[in-house]
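This report describes the aromatic side chains of one protein model and the charged groups placed over their rings. The structure is shown first.

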Amino acid sequence: EQAISRARDYLVDNYAENISLVELAGIANLSPFHFTRVFCNRFGMPPHAYQTQIRILRAKRLLMQRHSIADTAMQTGFADQSHFTRHFKRLTALTPGQYVGK
């Protein structure tokens with residue numbers, strides 16, 4: 001359990017980076033398959049989905065601080081603005097522009 005927490009903390013600290021499943025599993029000293037299963041059991045979602053949620057939470061904070069949508073997408077590790085907008089809308093039911101304007 002401590003190993004899973006260590007991997008999760010690494011994911012939180014490096015949320016904007018492209019972190020592979022193999023890398024996270026290595027931090028926890030588990031096989032990728034076993035790591036994913038244990039991570040899902042503990043946090044209710046796979047590591048990639050957890051990372052996306054962290055990115056969106058950070059993005060909300062940046063948008064409220066008046067960062068541009070494009071800058072926010074880049075700072076939070078999304079490939080581009082449309083990728084960011086797609087994930088943002090899926091998790092918040094609003095586009096980034098709607099979120100800032102609300």
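## Basis of the count

Rings of Phe, Tyr and Trp, the last by its six-membered ring, are taken as a pair if their centres lie within 6.5 Å. Planes under 30 degrees apart count as stacked, those over 60 as edge-to-face, and the rest as tilted. The model is predicted, and the structure holds seven aromatic pairs.

## A tilted pair and its cluster

One of the pairs joins Phe43 and Tyr50, with 5.4 Å from centre to centre. Phe43 is buried, because its relative accessible area of 19% is under 20%. Tyr50 also counts as buried, at 17% relative accessibility.

Phe43 and Tyr50 belong to one aromatic cluster, together with Phe35 and Phe39.

## An edge-to-face pair between helices

Phe88 and Tyr99 form an edge-to-face pair, with centres 5.5 Å apart and 70° between the planes. This pair links distant parts of the chain: Phe88 lies in helix H6 (residues 81-92) and Tyr99 in helix H7 (residues 96-101), eleven residues apart.

Phe88 counts as buried, at 0% relative accessibility. Tyr99 is likewise buried, with a value of 12%.

## Charged groups over rings

Arginine side chains are also placed over aromatic rings. Arg55 lies over the face of Phe78, 5.5 Å from the ring centre. Over the ring of Tyr15 sits the charged end of Arg58, at 5.1 Å from the centre of that ring.

Definitions and conventions. Residues numbered from 1 in each chain as written. Predicted model: local features only at pLDDT ≥ 70, side-chain atom pairs only at ≥ 80, totals over all residues. Heavy atoms only, no water. Buried < 20%, exposed > 50% of the residue type's maximum accessible area, 1.4 Å probe, protein only. Helix = DSSP H or I, 4+ residues; strand = E, 2+ residues; numbered from the N terminus. Lys NZ or Arg CZ within 6 Å of the ring centre and 35° of its normal.
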